Amino acid sequence: MSAEAFVLSDATRQRFAVEVAKYPPDQAQSAVMACLAIVQQEQGFVSGQAEKVVADYLGMPPIAVHEVTTFYNMYNQRPLGRYKFNVCTNLPCQLRDGQSALEHLCRRLAVEEGGTTADSLFTVQKSECLGACADAPVMLVNDRQMCSFMNNERLDALVATLREHASADAATKV
Ligand code: FES
């Protein structure tokens, strides 16, 4: 599938309908974040084409959907690695070596900030405050799992564990 191709399947349409049904009939656009999350779950990212499909479905201007996907960094604008590391670099985390953690990860994985490893396993990117400043420095893995009090050893161990997971998954698929 090309990066832009997106066809609304019956199964996805049904999932959208479940989300829209949670709101009054004239408030379908309230389901926009949920619909975009479904797209990302199924495609791995939200393409411009997918934004237009969601906009059509919800009766919204495409630019309004684009504003949502670009405001929240949990939405991926392009295909990323299997494991997305969002490293907080806002001030409280900076004061506890958040930038060093980011640089360590980039060095360890041989990527620039925002880049994805050649094997498509890891993407490392900066993030705004993740709301866990007391645990600084922090990183969010795949938008769900918080990694608190990062240091180089913990980051290395996490990368090793995730690599093992990926290898084990690949082995079971052979
Ligand atoms: S500044 Fe990093 S979680 Fe708030």
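Which residue does D143 meet in a salt bridge? The legends below, which describe close-up views of a predicted model, begin with that pair.

**View 1. The salt bridge between D143 and K84.** The side chain of D143 meets the side chain of K84 in a salt bridge, with an N to O distance of 3.0 Å. This pair links distant parts of the chain, 59 residues apart. D143 belongs to the loop between strand 3 (139-141) and strand 4 (145-147), whereas K84 belongs to strand 1. The two partners also fall into separate accessibility classes: D143 is partly exposed, because its relative accessible area is 27%, and K84 counts as buried, because its relative accessibility is 3%.

**View 2. The salt bridge between R82 and D169.** R82 and D169 join their side chains in a salt bridge of 2.4 Å, N to O. The pair connects distant parts of the chain, with R82 in the loop between helix 4 and strand 1 and D169 in helix 7 (residues 152-173), 87 residues apart. R82 has a relative accessibility of 37% and therefore counts as partly exposed. D169, at 29% relative accessibility, likewise counts as partly exposed.

**View 3. The salt bridge between R163 and D119.** The closest N and O atoms of R163 and D119 are 3.4 Å apart, and the two residues form a salt bridge. R163 lies in helix 7 and D119 in the loop between helix 6 (98-109) and strand 2 (122-127), so the pair ties together parts that are 44 residues apart in sequence. Relative accessibility is 34% for R163, which counts as partly exposed. For D119 the value is 43%, and this residue too counts as partly exposed. The structure holds six salt bridges, and the R163 and D119 pair is one of them.

View 4. E51 is placed in helix 3 (residues 48-58). Although E51 is buried, it has no salt bridge. What is the nearest side chain of opposite charge, and how far away is it? That side chain is K52, at 6.7 Å. A salt bridge requires a nitrogen to oxygen distance within 4 Å. The side chain of E51 does make a polar contact, of 2.9 Å, with the side chain of H66. Not counting residues up to four places away in sequence, E51 touches V46, V65, H66, T69 and Q77.

**View 5. The surroundings of S148.** S148 is found in the loop between strand 4 and helix 7. Its relative accessibility is 17%, so S148 counts as buried. The side chains of S148 and D135 are joined by a polar contact of 3.4 Å. When neighbours within four places in sequence are left aside, S148 is in contact with D135, P137, V138 and R154.

**View 6. A nonpolar surface patch that includes Y72.** M33, F71, Y72 and M74 make a nonpolar surface patch of about 380 Å². Y72 lies in the loop between helix 4 (62-71) and strand 1 (83-88). The relative accessible area of Y72 is 31%, and the residue is therefore partly exposed.

**View 7. The placement of A34 relative to L80.** A34 is located in helix 2 (residues 32-43). With a relative accessible area of 25%, A34 is partly exposed. A34 and L80 are 46 residues apart along the chain, and their C-alpha atoms are separated by 20 Å.

Notes: Residues numbered from 1 in each chain as written. Predicted model: local features only at pLDDT ≥ 70, side-chain atom pairs only at ≥ 80, totals over all residues. Heavy atoms only, no water. Helix = DSSP H or I, 4+ residues; strand = E, 2+ residues; numbered from the N terminus. Buried < 20%, exposed > 50% of the residue type's maximum accessible area, 1.4 Å probe, protein only. Lys, Arg positive; Asp, Glu negative; His and termini not counted. Polar contact = N/O pair within 3.5 Å; in protein donor to acceptor, adjacent residues only side chain to side chain. Contact = heavy atoms within 4.5 Å. Patch = residues over 30% accessible without salt bridge, like charges linked within 9 Å, V, L, I, M, F, W, Y side chains within 5 Å. Areas by Shrake-Rupley, 256 points an atom, 1.4 Å probe, with all protein chains shown as cover.
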